[in-house]
Amino acid sequence: MSRIFPYPLMMASLVVVWLVLTSFSPGQLVVGVAVALLAGQGLAALHPVKPRLRRWDLIPKLVAIVLYDIVRSNIAVVSIILGGPRRVRRSGFVSIPLELRDPTGLAVLSVIVTSTPGTAWFDYNAARGVLLIHVFDLVDEEGWRELIKSRYEHLLMEIFE
Amino acid sequence: MSHAADLPPGVAVVVAFFVVLGAGLTLVGSFGFYRLRSFYDRIHAPTLGTSWGTAAIVMASMILFSALQSRLVVHEILIGIFVTVTTPVTLMLLGRAALYRDRAERNPDVPAMDPPKGSLVASREDDGEPAAAVAQPDVSGP
């Protein structure tokens with residue numbers, strides 16, 4: 001079973017993507033399943049790390065938090081760009097020691113940090129587990145460390161580790 | 001597909017709002033890209049276009065075509081997902097190249113190879129040879 005369906009979740013989402021793109025019909029379902037089977041074999045040949053999802057139920061919470069933060073930081077960055085030099089803005093790097101080690105969790109964290117305007121993921125030292133991000137409007141370094149750790153890292157660790 | 005005249009005015013207002021919002025955010029992002037001065041500041045501005053700039057236009061498209069075809073059209077959401085998931089790849093590529101260059105030039109504005117906080121034992125110990133630590137290429141990372 002696991003030889004034919006090595007990555008069931010990925011293959012199921014491929015079928016869904018195929019059907020969404022081609023407007024549902026039985027014929028397209030057959031083609032979609034065939035594509036998913038082929039892609040599953042291709043991916044299995046690469047031996048990627050198989051992510052383990054421990055807590056499904058927390059994913060909606062994470063998505064909600066991230067969407068809210070993206071809206072908030074969009075507003076913040078727009079007001080800084082359009083606000084002109086009315087106040088002195090300081091940007092800078094913050095290094096954050098992380099406890100999260102799961103590669104999938106780190107990948108998700110990088111997507112979160114990058115897609116939130118105002119923060120950019122620059123470097124991750126895998127040996128030490130230290131993340132380096134650049135913050136557009138850096139007021140309080142310790143605050144950012146606390147924010148990343150308490151808002152995202154703990155949740156990601158619960159989901160992936 | 002282009003029966004824009006059949007669109008109820010209420011839907012048209014919502015669609016127009018999201019299109020203008022998304023286009024506006026992307027424009028502000030491009031303007032910031034032009035106005036900001038350092039590389040590290042500039043990298044933040046286009047994120048407006050890749051987050052809510054994309055999301056708002058995707059939402060406008062979903063609402064418009066769902067209303068015109070009287071069925072739920074959601075495949076645009078894939079654009080949003082793929083833009084979001086692939087952005088870190090280019091950003092890290094550019095960012096790490098800039099960081100590497102600045103570190104090689106020993107620019108004081110960027111942190112050196114060893115992160116500054118005392119939580120790391122090694123950074124305390126090679127205090128004697130900070131230059132060697134700066135010059136080493138960074139092979140770690142995702």
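Two strands count as paired here if DSSP finds at least two bridges between them. Strands (E, at least two residues) and helices (H or I, at least four) are DSSP runs, numbered from the N terminus. What you are looking at is a predicted model, where local features need pLDDT of at least 70, side-chain atom pairs count only at pLDDT 80 or more, and totals for chains, interfaces and linings use all residues. Residues are numbered from 1 along each chain as its sequence is written, while chains are lettered from A and ligands numbered from 1 in the order in which they are written.

View 1. To find your way along the pair, look for A:D123, whose bridge partner in strand 3 is A:L132. Four residues sit between the two strands of this hairpin, and A:G129 in the turn has a positive phi of about 70 degrees. How many of the seven residues of strand 2 of chain A are buried? Seven of the seven are, so strand 2 is largely enclosed by the rest of the structure. (Buried means that 20 or more other C-beta atoms lie within 10 Å of the residue's own, exposed means 12 or fewer, and partly exposed is in between, with C-beta atoms placed from the backbone.)

View 2. As for the angles, they run from 0 to 180 degrees between N-to-C directions, and axes are lines fitted to C-alpha atoms, for helices over the stretch in contact.

**View 3. Helix 1 crossing helix 2 in chain A.** Two packed helices are described by the angle between their axes and the distance between the axes. For helix 1 and helix 2 (residues 26-46) of chain A, the axes come within 8 Å and cross at roughly 140 degrees. Among the residues making the contact are A:L14 and A:W18 of helix 1, along with A:G32 and A:A36 of helix 2. (Two residues are in contact if their C-beta atoms, placed from the backbone, lie within 7 Å.) By class, this contact has twelve nonpolar, four polar and no charged residues. (Ala, Val, Leu, Ile, Met, Phe, Trp, Tyr, Cys and Pro count as nonpolar, Asp, Glu, Lys and Arg as charged, and the others, Gly among them, as polar.)

**View 4. Where chain A meets chain B.** Across this interface, 34 residues of chain A are in contact with 38 residues of chain B. Which element of chain A gives the largest share of the side that touches chain B? That would be helix 3, with seven residues. The residues on this side of chain A divide into 23 nonpolar, nine polar and two charged.

**View 5. Loops and helices of chain B.** Chain B has six helices and zero strands, and buried residues make up 27% of its 142 residues. B:S70, in the loop between helix 3 (47-69) and helix 4 (77-104), has a positive phi of about 50 degrees although it is not a glycine. B:S70 is exposed, with 7 other C-beta atoms within 10 Å. B:R106, in the loop between helix 4 and helix 5 (121-125), is not a glycine either, yet has a positive phi of about 55 degrees. With 12 C-beta neighbours inside 10 Å, B:R106 also counts as exposed.
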